[in-house]
Each structure stands twice: as structure tokens, then as C-alpha cells.
Amino acid sequence: MRYLMFVPLLMLTVMTGARGAEVSFLNSSGSLAADLPFSEAVRVGDTVYLAGQLGALPGEMTVVPGGIVPETRQTLENIRNTLKSHGLDMSDVVKCTVMLADISEWGAFNTVYAEFFSKPFPARSAFGANGLALNARVEVECIAAFSD
């Protein structure tokens, strides 16, 4: 019963902390086409949320030809360039969400993915999607964190 008096204090602390975090909308890497209605990344405190990336050449609205392998490589290069333009690198990624147009291409995706990340790997989710933007084979979104 006496613990209940701490619940409002805990809730106030959590809400104040969330409202007090600095939010920055980041759009300087040039990986996305200029007229898209979203930011390439958003920084909240020390955490950076990247928009989903496709295997399109920077600033273009078509994916690279050749299927899952070149698309995956270009997607991860786009992520690396976005991170770099904001003072981060692939080792700062803590979570990836992977969307594949065909989940049977998961193995081929993984082979390329392993070229860009090393142990300890970020947490990751992967799922098949019914239709990605630009008829892409793969889309990846990431969360990265600045370390102390």
C-alpha cells in the first residue's frame, strides 16, 4: 500500500523526461529524394530513428537493378551514409527492422547484411511484406544511439 504513493511520482518523472528530450529532424545526407513527406532521421536525446531505406541511389526514386543482393547492398550503403552524415556509424545501430518483398530471399539478404555489421550485432526483426515502395525487394529501418 505504501508503494502506491510512489506511482504518481514515478509517472510524473517519466512524463517529464519524455517531454524534456530534445527532438531534431535530420535531413542532410542526401540519401532520400528531396520531395518525400518524411525526415530521413529523427534524433530524440541520444537516440536516432532512421526512416526506412530502400536500395535506391541517393536522391533517386528508382531502385538499383539486379534483385535482392544489389538492393540490399545499396540499402545498407544508404544507411551507412545517413548515419555518417549525423556523426554515427554502423556500430552505433542498436536495432534494425527488415522488410522483404519475398521472405524466401532472407538468406541472400543475411549474407550481405553480415558484410555491414559485426559482433555484437544489433537486435533485428525481419518479415515478409506485401508490396514495398518503388517495387523494392528490401527496406530496412534502424535505430542508432550515441554512446558516451
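This is a predicted model: local features need pLDDT of at least 70, side-chain atom pairs count only at pLDDT 80 or more; totals for chains, interfaces and linings use all residues.
## Overall fold

The chain holds three helices and six strands. Along the sequence, these elements follow the pattern α-β-β-β-α-β-α-β-β. Of the 148 residues, 35% are buried.

Take the contacts between residues at least 6 apart in sequence: 67% of them join residues at least 24 apart.

## The sheet

The six strands form an open sheet. Their order is S1-S2-S3-S6-S4-S5, and the pairing is mixed. Strand S1 (23-26) and strand S5 (123-128) stand at the edges. Each has a single partner strand, so one side of each is left without a neighbour in the sheet. On average, neighbouring strands are turned by 15 degrees against each other, direction ignored.

Strand S3 (residues 47-50) and strand S6 (residues 138-145) run antiparallel. Three bridges join them.

H2 touches S3, S4 and S6, and its direction makes about 25 degrees with that of S6. Helix H3 (residues 106-116) touches S4, S5 and S6. The direction of H3 makes about 150 degrees with that of S5.

## Helix H2

H2 covers residues 68-85. That is 18 residues, reaching 25 Å from the first C-alpha to the last. The span is close to the 26 Å expected at 1.5 Å a residue.

Which residues of H2 are buried? They are Ile68, Glu71, Thr72, Gln74, Thr75, Leu76, Asn78, Ile79, Thr82 and Leu83. An α-helix has 3.6 residues a turn, so residues three or four places apart point the same way. The cover over the buried residues of H2 includes S3, S4, H3 and S6.

His86 sits in the loop between helix H2 and strand S4 (93-100). Is His86 buried or exposed? His86 counts as buried, because its relative accessibility is 15% and the cut-off for buried is under 20%. The side chain of His86 makes a polar contact with the side chain of Ser85, at 3.3 Å.

Gly87 also follows H2. Its phi is positive, near 80 degrees.

## Salt bridges

How many salt bridges does the structure hold? There are four.

Arg43 pairs with Asp46, and the closest N and O atoms are 3.3 Å apart. Arg43 is partly exposed at 27% relative accessible area. Asp46 is partly exposed too, at 41%.

The side chains of Arg73 and Glu115 meet at 2.9 Å, N to O. Arg73 is partly exposed, at 31% relative accessibility. Glu115 is partly exposed as well, with a relative accessible area of 47%.

Arg137 and Glu105 form another salt bridge, at 3.1 Å, N to O. The pair links distant parts of the chain, 32 residues apart. Arg137 is in the loop between S5 and S6, while Glu105 is in the loop between S4 and H3. Arg137 counts as partly exposed, at 25% relative accessibility. Glu105, in contrast, is buried, with a relative accessible area of 19%.

## Met99 in strand S4

Met99 lies in strand S4. Met99 is buried, because its relative accessible area is 13%, and buried means under 20%.

What does Met99 touch, leaving aside residues up to four places away in sequence? The contacts are Phe127, Ala129, Leu132, Arg137, Val138, Glu139 and Glu141. One of these, Arg137, is also the salt-bridge partner of Glu105. Another, Phe127, is 28 residues from Met99 in sequence. In space, the two are 5.3 Å apart, C-alpha to C-alpha.

Notes:
Residues are numbered from 1 along each chain as its sequence is written. Side-chain values use heavy atoms; hydrogens and water are left out. Helices (H or I, at least four residues) and strands (E, at least two) are DSSP runs, numbered from the N terminus. Buried means under 20% relative accessible area, exposed over 50%, partly exposed in between (1.4 Å probe, protein chains only). A polar contact is a pair of N or O atoms within 3.5 Å; within protein, one must be able to donate a hydrogen and the other to accept it, and residues adjacent in sequence count only if both atoms are side-chain atoms. Two strands pair if DSSP finds at least two bridges between them. Axes are lines fitted to C-alpha atoms, for helices over the stretch in contact, and angles run from 0 to 180 degrees between N-to-C directions. Contact means heavy atoms within 4.5 Å. The expected span of a helix is 1.5 Å times one less than its number of residues.
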